Amino acid sequence: MMQDASSKQLKLSVIVPVYNAEQTLRRCLDSLCAQTYGNFELILVNDGSKDHSLEICNEYAKKDQRICVYTQENAGPSAARNRGLDMASGDYVLFVDSDDYVEANMLQRMADAAAKEDADLVLCSYWDEKGDVLTPHVYARPSGVYDEQGCKELALDFIDDNTKGRIPPYSSLRLVRRSFMEESGLRFTRKVKRGEDYLLWVQVHFQAKRLVLLAEDYLYHYVYTETSITKSYLPNYWPMCLTIFSELNEKLPQTKEVKERIQAMLIQRSLIALHNAALADEAQFKKDCDEILNDKTLKKAARAVGLRRNSKRARIYALLLILGLKGLVIRIFSKER
């Protein structure tokens, strides 16, 4: 019982960036307002929505005094999350996406774990939801408390783990101590528009001293939508990948293993960049492919670790890079168009 008593002393700040989310926002907010844990503030950051999202936010704020609404010109999810962090007053912070929703006991389970173990970070698992089909994401790592050394081991895997049981970089799975974020100075970057979660959380994982993994608690619903931002072409995606690469090389521990894992990550992201290029028109596709496949940093990574790390598919791709078979790679990805 001491566990529950201590957790109720923790105030949580739940931050929801909102942009043109009128179709899903009520479901998200209803799931948060119905939490079994009551000691939290709900910070809604309207990021310049052009639909009725702001009206919905204000409607809910009138009914629930825990809700605060902030509005800004459209600046993207990173800026909205950072605004929420600046406004937060809780002991711990959680981010929720406005097109998703959560289990009724999510805050209770995560607050209990944070209080019992005095954790910097608590992670839960989630449901992949596509239509009426819910699939649990099963972690390869077991539930438990990870001390400083365990945190480092998780952080190493986090750099380049692309396996089925990986711990993904989604912000919404993490309850993080607010003082930890303030003292570290870490924030979501606006330099990249895709991969900003990954860039932040890989740094958080390396700095955390104590972490609780709730591997068997599927508390979040990640809802698949056909209009997802990751399903549309994003201009200048490859330069963003290189930004992530350079930032991690600068900010993570300067060990050989870390460096090699960052190189492996770049190879993985170049494949994502090629998938992204395939969503563009023919001229842009060819331009992006040339930019990616001629990149010296990528070629160096392929020669250094391409045949030793990553999946079988990524190793074959790295071999094609090493052999200079750019045309074959382009033909492979052109079939996705």
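Author: Let's start with strands: two of them pair if DSSP finds at least two bridges between them, and strands (E, at least two residues) and helices (H or I, at least four) are DSSP runs numbered from the N terminus. This is a predicted model, in which local features need pLDDT of at least 70 and side-chain atom pairs count only at pLDDT 80 or more, while totals for chains, interfaces and linings use all residues. Residues are numbered from 1 along each chain as its sequence is written, and side-chain values use heavy atoms, with hydrogens and water left out.

Reader: Thanks! In β9, which residue is the bridge partner of Leu 123?

Author: Arg 174 is that partner. Strand β6 (residues 121-130) runs antiparallel to β9, and three bridges join them. Strand β4 (residues 92-95) also pairs with β9 in the antiparallel sense, over three bridges, with Val 93 bridged to Val 176.

Reader: Are the faces of β9 covered or open?

Author: Buried means under 20% relative accessible area, exposed over 50%, and partly exposed in between (1.4 Å probe, protein chains only). Both faces of β9 (residues 174-177) are covered: Arg 174 and Val 176 are buried on one side, Leu 175 and Arg 177 on the other.

Reader: How do I read aromatic pairs, and how many aromatic pairs are there?

Author: A pair of aromatic rings is described by the distance of the centres and the angle of the planes. Here, rings of Phe, Tyr and Trp (its six-membered ring) pair if their centres lie within 6.5 Å; planes under 30 degrees apart count as stacked, over 60 as edge-to-face and the rest as tilted. The count comes to six aromatic pairs. One of them joins Tyr 126 and Tyr 170, which is edge-to-face because the ring centres are 5.5 Å apart and the planes stand at 70°. Tyr 126 lies in strand β6 and Tyr 170 in the loop between α6 (148-160) and β9, so this pair ties together parts 44 residues apart in sequence. Tyr 170 also forms a stacked pair with Tyr 222, at 5.4 Å centre to centre and 10° between the planes.

Reader: And how many disulfides are there?

Author: A disulfide is a covalent bond between the sulfur atoms of two cysteines. With the rule that the sulfur atoms lie within 2.5 Å, the count comes to zero. Cys 68 is in no disulfide, and the nearest cysteine sulfur, that of Cys 57, is 12 Å away.
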